[in-house]
Amino acid sequence: MQVADYEPHNVLVTESQFQGQDAISISARPDLPPPNQPGGCDNCTFARLTGSSFSLGSIEIQVVGKPIPNAPPFARGFVGIVFNISEDHSSYEGFYLRPLNAISDNEEQRNRSVQYFAAPDYPWHRLRGEHPDVYESWADVRPGEWTQLKVELTAERARLYVDGAQEPVLDVERLLPLKEGDAFIGLYTEPATETWFRELVTTPDN
């Protein structure tokens, strides 16, 4: 993975290391207001992989997410993968982790450790309100620790697997049609979060 291979969208992309592993670090632009403030945006901070498109198949990657020091309450260590990204970045789908939720003493919060969303029409809060417990679930993840993600994409379904598990932690109906032209994938974060990514492997269906 090389920084030059990624086009930033509301983020900064840098070469980094975490726990002795070479990685790419993604962080929201420091001038970008938080999602809950005027001028902020939700689910809009990612770096798109350039040079090749990807529609159906599997995506595997190692990720770390944790809140920055003295982070506001909304920061949960958000880190994930976006896919089916349009050329102009106006629409895309994604899975992300909320690692801090996974270790919460609150059961309801723990059950919101993993999230699917589809921008622009299906942000997390709409999905939670209209389809409770369908597009989010629990996963055994930890802030500040490497986690292996595997995303399997068919035309109808999106499945997320964590740390080599045989069963997905989330298996959902996709809410956006496949792009007729090129579709892309990207690395996802949110404001007030530190993230690292390594070992991206894509296996397209032929």
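This is a predicted model: local features need pLDDT of at least 70, side-chain atom pairs count only at pLDDT 80 or more; totals for chains, interfaces and linings use all residues.
Local features need pLDDT of at least 70 and side-chain atom pairs count only at pLDDT 80 or more, while totals for chains, interfaces and linings use all residues. Residues are numbered from 1 along each chain as its sequence is written, and side-chain values use heavy atoms, with hydrogens and water left out.

**The open sheet**

Start by selecting the 7 strands that form an open sheet in the order β2-β3-β14-β5-β10-β11-β12, with antiparallel pairing. Strands here are DSSP runs of E, at least two residues, numbered from the N terminus, and two of them pair if DSSP finds at least two bridges between them. The edge strands are β2 and β12 (170–173), each pairing on one side only. On average, neighbouring strands of this sheet are turned by 30 degrees against each other, direction ignored; the axes are lines fitted to C-alpha atoms, and angles run from 0 to 180 degrees between N-to-C directions.

Next select residues 11–18 (β2) and 21–28 (β3), an antiparallel pair with 8 bridges. Within β3, serine 25 stands opposite threonine 14. The hairpin of these two strands has 2 residues between them, and glutamine 19 there takes a positive phi near 50 degrees.

Then move to β10 (residues 147–153) and β11 (residues 157–162), which run antiparallel and are joined by 5 bridges. Leucine 149 has valine 162 of β11 as its bridge partner.

**The aromatic rings**

The structure holds 11 aromatic pairs. Rings of Phe, Tyr and Trp (its six-membered ring) pair if their centres lie within 6.5 Å; planes under 30 degrees apart count as stacked, over 60 as edge-to-face and the rest as tilted.

Select phenylalanine 46 and tyrosine 92: this pair is edge-to-face, 4.8 Å centre to centre, with 65 degrees between the planes. Phenylalanine 46 lies in β4 (residues 46–49) and tyrosine 92 in β7 (residues 92–97), so the pair ties together parts that are 46 residues apart in sequence. Both residues are buried (under 20% relative accessible area, 1.4 Å probe, protein chains only; exposed is over 50%, partly exposed in between).

Phenylalanine 117 and tyrosine 188 form a tilted pair, 5.6 Å centre to centre and 45 degrees between the planes. Ring pairs link Phe46, Phe78, Tyr92, Tyr96, Phe117 and Tyr188 into a cluster.

**Charge over a ring**

Finally, select arginine 48, which lies over the face of phenylalanine 184 at 4.0 Å from the ring centre. The criterion is NZ of Lys or CZ of Arg within 6 Å of the ring centre and within 35 degrees of the ring normal.

Definitions and conventions. Helices (H or I, at least four residues) and strands (E, at least two) are DSSP runs, numbered from the N terminus.
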